[in-house]
Amino acid sequence: MSLISLVVTLIVIGVLLWLVNAYLPMDGKIKKILNGVVVICVVVWLLYAFGILDRASAIRVPQVR
């Protein structure tokens, strides 16, 4: 992923979050939860994009028979 696409994606996410916060009537608590979820998702996505976190393929789930 190139740096330009990363920055453009972050700008789009920021603008969408601003639009939701500015123009959708919601309770303040719901907006805080939404903002927190979006920030956590973006941070995890950035960690994957920079290779700090490895993909979930290394996680082994036991099979139940």
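Q: What should helix α2 span, and what are its end C-alpha atoms apart?
A: Helix α2 (residues 28-49) has 22 residues and should span 32 Å at 1.5 Å a residue, and its end C-alpha atoms are 31 Å apart, which agrees. The expected span is 1.5 Å times one less than the number of residues, and helices here are DSSP runs of H or I, at least four residues.

Q: Before we go on, where does the model come from?
A: This is a predicted model: local features need pLDDT of at least 70, side-chain atom pairs count only at pLDDT 80 or more, and totals for chains, interfaces and linings use all residues. Residues are numbered from 1 along each chain as its sequence is written, and side-chain values use heavy atoms, leaving out hydrogens and water.

Q: Which residue takes a positive phi just after α2?
A: G51, at about 80°.

Q: New topic: how many aromatic pairs?
A: One. W18 and Y23 pair edge-to-face, 5.9 Å centre to centre with 80° between the planes. Rings of Phe, Tyr and Trp (its six-membered ring) pair if their centres lie within 6.5 Å; planes under 30 degrees apart are stacked, over 60 edge-to-face, the rest tilted.

Q: Is Y23 buried or exposed?
A: Exposed, because its relative accessibility is 59%; buried is under 20%, exposed over 50%, partly exposed in between (1.4 Å probe, protein chains only).

Technical notes:
Helices (H or I, at least four residues) and strands (E, at least two) are DSSP runs, numbered from the N terminus.
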